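Student: Could we go through this model and check how the labels follow from the cut-offs?

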Amino acid sequence: MKILGISCHYHDSAAALVVGGIPIAAVQEERLSRHKNDAGFPLAAIEWCLDRAGLEPDDLDAVVFYERPTLKFDRVLTSLLQAWPRSWRSYPKAMKNMLGEKLWVRGLIASQLGISTRKVRCIEHHQSHAAAAFLTAPTQEAAILTADGVGEWATLTVGRGAKNANGSTEIELLRELRFPHSLGLFYSAVTSYLGFAVNEGEYKVMGLAAYGSPRYLNEMRRLLQRTGDGAFRLDMDYFDFMDKAESGFSAPFVDLLGPPRRNWQPIDLASEEGRRFADIAASAQRLLEEVMLDIAIDLQRETGLADLCLGGGVALNGVANARILREAGFERLFVPSAPGDAGCALGAALYADCIHFGNPHRAVPDHPFWGPEPDEAALLRIAREDGLPVSGEGDEVLIERMADAIAAEQIIGWVEGALEFGPRALGHRSILAAPHKAAMRDRLNRDIKYREEFRPFAPVVAAEHADIFFDLPPGGARLGRFMSGVFPVRSQWAEHLAAVTHVDGTARVQVLDQAMAPRLHRLLEAYGRRSGIPILLNTSFNLAGEPIVNTVAEAYSTFRRCGIDLLVAGNVCVAKPRVARTAFLENVA
Ligand SMILES: [Fe+2]
């Protein structure tokens, strides 16, 4: 069957196409529209997915939306009425928002694609998350834990999945926690309080947490209280998801923790105020870890299973993930490359295929590269038109030259193969550099990423060498496959990996399996022969506020606007003039 999955209208729209049980294409709308976190109807992503497979909309057997809009409307309306009269100001906006295209999404999809509404179905949001985590993982049976801000009503679910020998598939969500009691909304309220954008700045809270100590843990426990059944509840005196959806925290929250940070206010970690913000981040992070860990421990005891699949936006918290792997009793932890809402497009399509239609499950290829491929020849053309020196050469020569360049502290823009699905660059749209010196981290922050100093950069290491440099627990390499875990850097290597080691001695390491990205693996090997350390700094190929680049033209534009020294797409390499002057490029065309 040919099934299209769609997620949109909240945050980070995407489309995914599954044919015969196997993903053919998946891409976030932002990578095509070039609007970061584009939440609009993903028409460009849908068109690209269909083009990729040579299909017309009529060829589709089903189109699956990643949540049930009527249930969501029920939650929004009920919550508004419960908060009445405080919520009166939000009412018109919320109604307009829901009664616009969101509630009538089946009709919208049918009319946009020119297909019958009978072909369009909706599945529950956390089933989409669960399917994205379980059906893409190389496991036959696993416990499933999903946690996000909110879907329709559910904010967290626990369950189990099985791919049976007869080809049938089961996903059973055993229990759910409901809005407004939400780990994702709790963390987002703290994100907003700390002056970062909700649904965007949660990484920053996690990065900042490493600088603080959790001395506000007791206060956090007043905001989020554990319940006797192993779950938790939010004390809604401290939150305001209805009246001030954009901030989420209330006046009592400020009374408890002090004035919030303004988004323009610098975080000076040498000041008392800066330390307070770091301590609040550390306290919220610690509490989130404790709750996730306790729920995971209970789930392991209940199911007795060795594998856990984790989905939902909370699964992007690599520090919490690593604690779950170490302490919850599971042997392996699977987090997909896109655990957030974009990944629900793929989850919804796979769920419909295996469960609604009962098609036999198929092993999903274990990589994140489901997006558009670059046109390498375009780089030759663009660079020549722009008058920059460009070379095209054999793979062996190019890899050795790039390793030389990185050893000479040059920064590489690296474009290769299909675009990653999910928020992280995993070696196909990456900026690569030497990982050794703090000065390189500062240069990248200053000249390329323009971001806060407290945010760490990530390393990529070949799987066979990972244990030498990083303290990985059993199962750590798997969690590091899509950069989903934060692990300690072994102390003897930390000073040689200063650009990628966070202040607390950890790193969000990508553990690269050779088969997943063979050319990047060869570059790591070549660099290791020069430096003795087969590790590179790997950060996403984008500037602050922009989506990760997709096409060669976007990569070239980014390269020209920042401090990247060399741009590589496939076997074509372009150098900035000052780099070319160092006679780096000999075969200049
Ligand atoms: Fe979600």
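Predicted model: local features only at pLDDT ≥ 70, side-chain atom pairs only at ≥ 80, totals over all residues.

Student: What makes H125, H129, D148 and D341 donors of the iron ion?

Tutor: Donors are N, O and S atoms within 2.8 Å of the metal (3.2 Å for Na, K and Ca), and since water is not among the atoms, sites may look incomplete. NE2 of H125 and of H129, plus OD of D148 and of D341, lie 2.1 to 2.2 Å from the iron ion, so they qualify.

Student: Why is the arrangement of the four donor atoms around the iron ion called irregular?

Tutor: Four donors count as tetrahedral if all angles lie between 85 and 135 degrees; four count as square planar and six as octahedral if opposite donors are over 155 degrees apart and all others between 65 and 115; anything else is irregular. Here the angles run from 89 to 170°, which makes the arrangement irregular.

Student: Why is H125 called buried?

Tutor: Buried means under 20% relative accessible area, exposed over 50%, partly exposed in between (1.4 Å probe, protein chains only). H125 has 1%, so it is buried, and H129, at 1%, counts as buried too.

Student: How do you know that H125 and H129 are separated by about one helical turn?

Tutor: Because they are four residues apart in helix 6 (residues 125-134). Helices (H or I, at least four residues) and strands (E, at least two) are DSSP runs, numbered from the N terminus.

Student: What makes R530 and E400 a salt bridge?

Tutor: The rule asks for a side-chain nitrogen of Lys or Arg within 4 Å of a carboxyl oxygen of Asp or Glu. The closest N and O atoms of R530 and E400 are 2.8 Å apart, so the pair passes. R530 sits in helix 20 (residues 518-531) and E400 in helix 15 (residues 395-407), so the pair ties together parts 130 residues apart in sequence. R530 also bridges to D404, at 2.6 Å.

Student: Why does R530 count as partly exposed?

Tutor: Its relative accessibility is 32%, which falls between the buried and exposed cut-offs, so that's the label. E400, at 26%, is partly exposed as well.

Terms used. Residues numbered from 1 in each chain as written. Heavy atoms only, no water.
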